[in-house]
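Hi everyone, thanks for coming. Have the sequence and the 3D view open, and let's walk through them together.

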Amino acid sequence: MKILKKTTNKSEPIISFTESLLILGVILCILGYPIIFKHQEPQAPLFISFVLLAVYGRIRGFKWDTIMNGMRHGLRAGVDPLIIFLSIGVLIATWIFSGTIPTIMYFGFEIISVKFFLPTVFIVCTLVGVACGSSFTTVSTMGIAFIGIGATLKINPGLTAGVIVSGAFCGSNISPLSGTTNLAASVGEISIYKHIKSLLTTDIPAWAICLILYTFLGLNSKNVSLGAVHQMMAGLQNGFWISGWALLPVLLLIVLAIFQVPAIPSLGLGSLFAVVLGWIHAPKTSLTTITNTIMTGYVSHIGDKTIDTLLSKGGISSMLTSLALIIFALALGGLLIKFNIISAIINHLTGIVKTPGRLAFSTTLTCIGVNLLVGEHYLAIILPGQSFLPSFDKLGLKRVDLTRILNDAGAAVNAIVPWSVSGVFIASTLQINPLSFIPWAFFPFLVTILTVIAGMLVKVPAQSPAANLVTE
């Protein structure tokens, strides 16, 4: 009995900073090599990493209960994103059924030229992102329409997707309706509008540079035969309901965002409204057809191979592979947190930051690291934010200097990590390999660089007690 009691009360191991670095290095190799160099899907590498880390933790002395609790803790953080994924799968299918996405494509063909296609996509996605406060909604609605238009215009799908991602995440970043923007402000315990004002100092320059680059790339686009465009427009008219009324679901989502209705009920109401709208246009549609569309996605049968490929998508089942990936990523992240591997790195960094420049760089690096290892943008804001907030206060710096970094390097960078929540969502929604669009998604790269530079330019206030101790 004494032996049993001693074993039960045995304290669990402490993983050092050096050991944490080695573990993270191994995990990044397991993830990076097959995904980046072998172009494999990330599900298997993530699963292998999770299992190996769980076994290593048990060998190292952690109890199975601790390991299981870490997994559950990680999964708990992803409940909302998982439901949002499924809801967006339904939204895509129902918006095709109602003619909403085909109508956006049709009107887009009428107003967009080949040379100005990329900057137009960038501007529109930014505005929609600001209006609805959701990069995911922007990608799953306007993004799908623009991918279809770009394919017809013979523009590289990876480039088009990169432009969509840049616009969507820039718009979401500076929107007062955005969940990540509000989260960053709340972590810093400051007003959302003070936070956004700080964000504009890095996001607007990054946006302007992106616009210039996309305009230049667009000017190099070759002219496309108008016959292909007219054929696409005719196919859309013949196979779908093309009408201004079909755009009402878009208006509904914007109104719901303005009234700050949460994402999940907004997506559900947007899907339900689209079903009703589509049924009014085609009242002979059976209930079985509608439920099959919700479950397995919309299937286009108009006879045009391009349109049938572009507009046969959505549904709950289309998101299941992505859900598996996110579950493994969140479970892995939960173990990294439970084993105190993440905190060991962060604590080491907070102990060596003595200047504003180092503090900004360390915070940015931590946000990127959490994105790479956990893949969850909310945790990439919360963990570094809570860890580095005392350091910002100690140096007498403004909290907006912290929250700006959390948004730029925590939320935006998530889009360019192939196995992250955002990266997986973009790839599955636009049906494109993450490595195809990441090099063209300029905004997350630029805004991260600019936020580090902005942090390095911050000076310790003269009245701060730390001012006499800090030297650049």
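First, some housekeeping. This is a predicted model, where local features need pLDDT of at least 70, side-chain atom pairs count only at pLDDT 80 or more, and totals for chains, interfaces and linings use all residues. Residues are numbered from 1 along each chain as its sequence is written, and side-chain values use heavy atoms, with hydrogens and water left out.

Okay, helices. When I say helix, I mean a DSSP run of H or I with at least four residues, numbered from the N terminus. Look at H2, residues 17-37: its 21 residues reach 29 Å from the first C-alpha to the last, close to the 30 Å expected at 1.5 Å a residue. That expected span is 1.5 Å times one less than the number of residues.

Which residues of H2 are buried? Among them are Glu 19, Ile 23, Leu 31 and Pro 34. Buried here means under 20% relative accessible area, exposed means over 50%, and partly exposed is in between, using a 1.4 Å probe and protein chains only. The cover over those buried residues includes helix H3, H17, H18, H19 and H23, where a contact means heavy atoms within 4.5 Å. After H2 comes His 39, with a positive phi near 55 degrees.

Why point that out? Most residues other than glycine have a negative phi. Asn 340 is another one to look at, with a positive phi near 65 degrees. Asn 340 sits in the loop between H17 and H18 and counts as partly exposed, because its relative accessibility is 42%. Then there's Gln 431, with a positive phi of about 55 degrees, in the loop between H22 and H23.

H9 is mostly covered, with 16 of its 17 residues buried.

Next, Thr 429, in helix H22. Is Thr 429 buried or exposed? Thr 429 counts as buried, because its relative accessibility is 2%. A polar atom of its side chain lies 2.8 Å from the backbone oxygen of Phe 425. Beyond its sequence neighbours up to four places away, Thr 429 touches Ile 92, Val 139, Ser 140, Ile 144, Lys 313 and Met 319.

On to the core. A nonpolar core is a set of buried Ala, Val, Leu, Ile, Met, Phe, Trp, Tyr and Cys residues joined through side-chain atoms within 4.5 Å. The largest one has 130 residues, and Leu 236 is among those with the most contacts inside it. Leaving out residues up to four places away in sequence, the ones Leu 236 touches include Pro 102, Tyr 106 and Leu 311.

Last, the rings. Rings of Phe, Tyr and Trp (its six-membered ring) pair if their centres lie within 6.5 Å; planes under 30 degrees apart are stacked, over 60 edge-to-face, and the rest tilted. How many aromatic pairs are there? The count comes to ten. One of them is Phe 47 with Phe 328, a tilted pair at 5.1 Å centre to centre and 55 degrees between the planes. Phe 47 is in H3 and Phe 328 in H17, 281 residues apart. Ring pairs also link Phe 122, Trp 207, Tyr 214, Trp 440 and Phe 442 into a cluster.

How values were computed: Helix = DSSP H or I, 4+ residues; strand = E, 2+ residues; numbered from the N terminus. Polar contact = N/O pair within 3.5 Å; in protein donor to acceptor, adjacent residues only side chain to side chain.
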